[in-house]
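User: I would like to learn how to read the features of a protein model. Please take me through them one by one.

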Amino acid sequence: MYTLETIAQILDTELLDAQGKEQNPIDDFEYQMLHVKSESTAFISISEASWKQYLKKSKVMKDGNAQIPKDVSKIGLIITETYVEDLAHQIPQIVVRNAIKAMKILALHIRKHYHNPVIALTGSMGKSSTRLMLSAALQPYKVQQNRGNSNTRSAIYLHMCKLASNPDIAVFETSLNALNNRGNMAEVLKPQIAIVTGIGSAHLSTIGSTEEIVAFKSRIFAGLNQDGIAIYNGDTLHQNELKQAASTHTKHVYRYSTEDNSADIYTTQIKPVKKAVEVTTNDGYQFEVPSVSKGMVENALAVLLTLKHLKVDVKQHLKQLAQTQLFKKVLEFRPVKSLHEEATVLDDTHNASLPAMLNAIDAFNSQAPFFKGHKIIALGQISDLGEQTDRVHAELVPALEQSEADYILCMDQPLRKVVNKVKGKYITWYHNKDLMLKDLCYLINQDALVLMKSSVTQTEFPKVASQLQNALLHYERSGDEEKHFEAAASQGRAYLIYNLETDQIETQSNRYGSATIEGLTPIIYYLDAKQREVQNYTVTLKQWPTNDDTYYEGMQLSWGDLVEAMTDAPYPSLVYQLAHELYPTHQARKKHVQELVKQLKMSDSVAINLTGRFRMKERQTFSVDDLLALLKYGQNQLFENDKGGIVIGEYGRHGILKEGKQVIIFTGFESEDEAKSYLSKKV
């Protein structure tokens, strides 16, 4: 047992304000005040300066003393760098020069005198889930484990201090941060069992290769002595390197696998059931895994091997695996409801590496037969890949092509190339979350299954997952889901009648439902061309992917005719040609379009591809408000033609037409004549 007096002795300093309390027990430590709930807890008050020095960055945790309320009472001890004045209650204090160093001293001392099993685990993926499953399986033993996913160096020192409560078993999840060249925390933890759950592509923005990652992750075995137990995933990258690293520290090295029957433990059957998996192993154990992914089965095998080496009743503890409370958004099944339908989301937006994303797709495939509605995969990017971004994302292509998905929706720039490579699938790329969310609501029908997977940083995709339920409740379904884009186009019919003299909208219809499945780049090019006032010359049509017998390579037309063609639903080859005449490079064209979109505050999905034409793989849309912004920007040029405006579109007609001082701005009309009729009626 640790008392105030013994803690002061360990830190070799004076105990203040503790008269009569010297023998009060301390069995817990915290460095965030919000977690202090008991008079047996010591608060380690780390100054902002100490955090800054330790973490080597300016943005750090809030100063410890500033976290302490003046009326605090439920606390046993404050270990601080500066005496805390003016407390309403007399709280024992210990003043140290550096609270982080004091925490380390306590951690090392407490670990030295802790004699129950310590398990340490790491991996590019699966480490948190394995820890949670192991802790669940070990109940009713008292298990000390990381809180949440706090697995960095400082968090591990804190959790080592928590061994003061003498738990039956301690399970430490360790990040790469805790194993890197600043010092190997495994050598401090000194575990009896060390586990590596897998090697993947996480951290490639800061670490050059998976070879470097395995070199760091395998350092966890350095904490073992010759009698220690090393356990590693036999289905992961660099498994031979893991075995070799483990063997340099212990002769007790064990491998698990879902594929290789030469492993120490392997699966003989993996049977999907709805929202779970039933597993049978080579040594006769049968148990249920509370998830649907192959990766989670691998994690369960790591748990099984660990249990066998803890000398507990393995069969009994395996039954408790099914009770594991995994992290939210880790292949989490959750219902979503509209007014008339109920579907299921398989939410895996906690984070993403390539193995984790492939694993999520496999899990989706295994569950697809249990759902009668649409099977939908929605993905955001894998972040933190640096120069490896395109290469890693490209490895998703075969998995998506072979998936059970009826529809695949992707957002973020790295996935655009993936979408264009995938063959034989109804797959679409989105520039922003709002349009993806709208399309998801349209596609989700009764008993649909939707996989949602992405990283949590550098993408807005997790917001799609979090906003889906609310969006569904407010979504009014109409049309045939099998005609997704055609229905989206017809639902987007809208118009504004705008008065040029008063700058006011006189009449509007479905303004906020206005949408298309085409882009408005032909109008942007038209305005740019008119504003340049180029002297007329002869243009020779080049070879474009849309050339036909009418618009063929070598066809000649004047610059003026090419520009005026944009006003009347231009053929794509002509749009290609005008863009070629206007901009020296693709990047110059893209820059002009993006800058204008930003300047006019239009939706960032108004101009996704070069011609503006509909393509299933590149979702774009614009509204009457986007057209109104273009009208205000280029009014002088828009009406410098015989048409009195401009009309584009194949799936419906969209545009701007003028009669007198009135202008109709419209999307989704059947024809130009229909739009003109609204002006003649003086609606």
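**Reading the fold**

Analyst: In the protein chain, residues 24 or more positions apart account for 65% of the contacts with a separation of 6 or more. Contact means heavy atoms within 4.5 Å. This is a predicted model: local features need pLDDT of at least 70, side-chain atom pairs count only at pLDDT 80 or more, and totals for chains, interfaces and linings use all residues. Residues are numbered from 1 along each chain as its sequence is written, and side-chain values use heavy atoms, with hydrogens and water left out.

User: How many helices and strands does the protein chain have?

Analyst: The protein chain has 24 helices and 30 strands. Helices (H or I, at least four residues) and strands (E, at least two) are DSSP runs, numbered from the N terminus. The C-alpha atoms fill a box of roughly 95 × 65 × 50 Å, taken along the principal axes.

User: What percentage of the residues in the protein chain is buried?

Analyst: Buried means under 20% relative accessible area, exposed over 50%, partly exposed in between (1.4 Å probe, protein chains only). Of the 683 residues in the protein chain, 58% are buried. The chain exposes about 29,700 Å², and carbon and sulfur atoms supply 45% of that area. Accessible areas come from the Shrake-Rupley method with a 1.4 Å probe; for residues, only the protein chains shown count as cover.

User: Which residues touch the most other members of the largest nonpolar core?

Analyst: In soluble globular proteins, nonpolar side chains tend to be buried together. A nonpolar core is a set of buried Ala, Val, Leu, Ile, Met, Phe, Trp, Tyr and Cys residues joined through side-chain atoms within 4.5 Å. Here the largest core has 63 residues, and Ile 7, Phe 29, Ile 44, Ile 79, Met 160 and Phe 221 touch the most other members. Helix H4 (residues 99–112) gives this core its largest share, seven residues. A second, separate core has 49 residues, including Ile 524, Tyr 583, Ile 646 and Val 663.

User: What is Phe 29 in contact with, leaving aside its neighbours within four places in sequence?

Analyst: Its partners include Ile 7, Ile 44 and Ile 79. Leu 106, Ile 110 and Leu 158 are also among the contacts of Phe 29.

User: How do I read a strand such as E19 (residues 375–379), and which way do its residues point?

Analyst: In a regular strand the side chains alternate between the two faces of the sheet. In E19, Lys 375, Ile 377 and Leu 379 point one way, Ile 376 and Ala 378 the other way, and all are buried.

User: Which strands do bridges join to E19?

Analyst: Two strands pair if DSSP finds at least two bridges between them. Five bridges join E19 to strand E22 (residues 449–453), and the two run parallel. Ala 378 stands opposite Met 452 in E22. Four bridges join E19 to strand E20 (residues 407–411), also parallel. There, Leu 379 stands opposite Cys 410.

User: Now the backbone. Which peptide bond is cis?

Analyst: Most residues other than glycine have a negative phi, and most peptide bonds are trans. A cis peptide bond joins Gln 139 and Pro 140, with omega about 15°. Pro 140 sits in the loop between helix H5 (127–137) and strand E9 (143–145).

User: What is the phi of Asn 166, and what is that of Lys 601?

Analyst: Phi of Asn 166 is near 55°, a positive value in a residue other than glycine. Asn 166 is in the loop between helix H6 (153–161) and strand E10 (169–173). At 49% relative accessibility, Asn 166 is partly exposed. Phi of Lys 601 is likewise positive, near 55°. Lys 601 lies in the loop between helix H22 (586–599) and strand E27 (618–619). At 77% relative accessibility, Lys 601 is exposed.

User: How many aromatic pairs does the structure hold?

Analyst: A pair of aromatic rings is described by the distance of the centres and the angle of the planes. Rings of Phe, Tyr and Trp (its six-membered ring) pair if their centres lie within 6.5 Å; planes under 30 degrees apart count as stacked, over 60 as edge-to-face and the rest as tilted. The structure holds 14 aromatic pairs. The rings of Tyr 551 and Tyr 571 have centres 4.9 Å apart and planes at 20°, so this pair is stacked. Phe 669 and Tyr 678 form a tilted pair, 5.5 Å centre to centre with 50° between the planes. Both Phe 669 and Tyr 678 are buried.

User: Which residue lies over the face of Phe 669?

Analyst: A charge sits over a ring if NZ of Lys or CZ of Arg is within 6 Å of the ring centre and within 35 degrees of the ring normal. Arg 493 lies over the face of Phe 669, at 4.3 Å from the ring centre.
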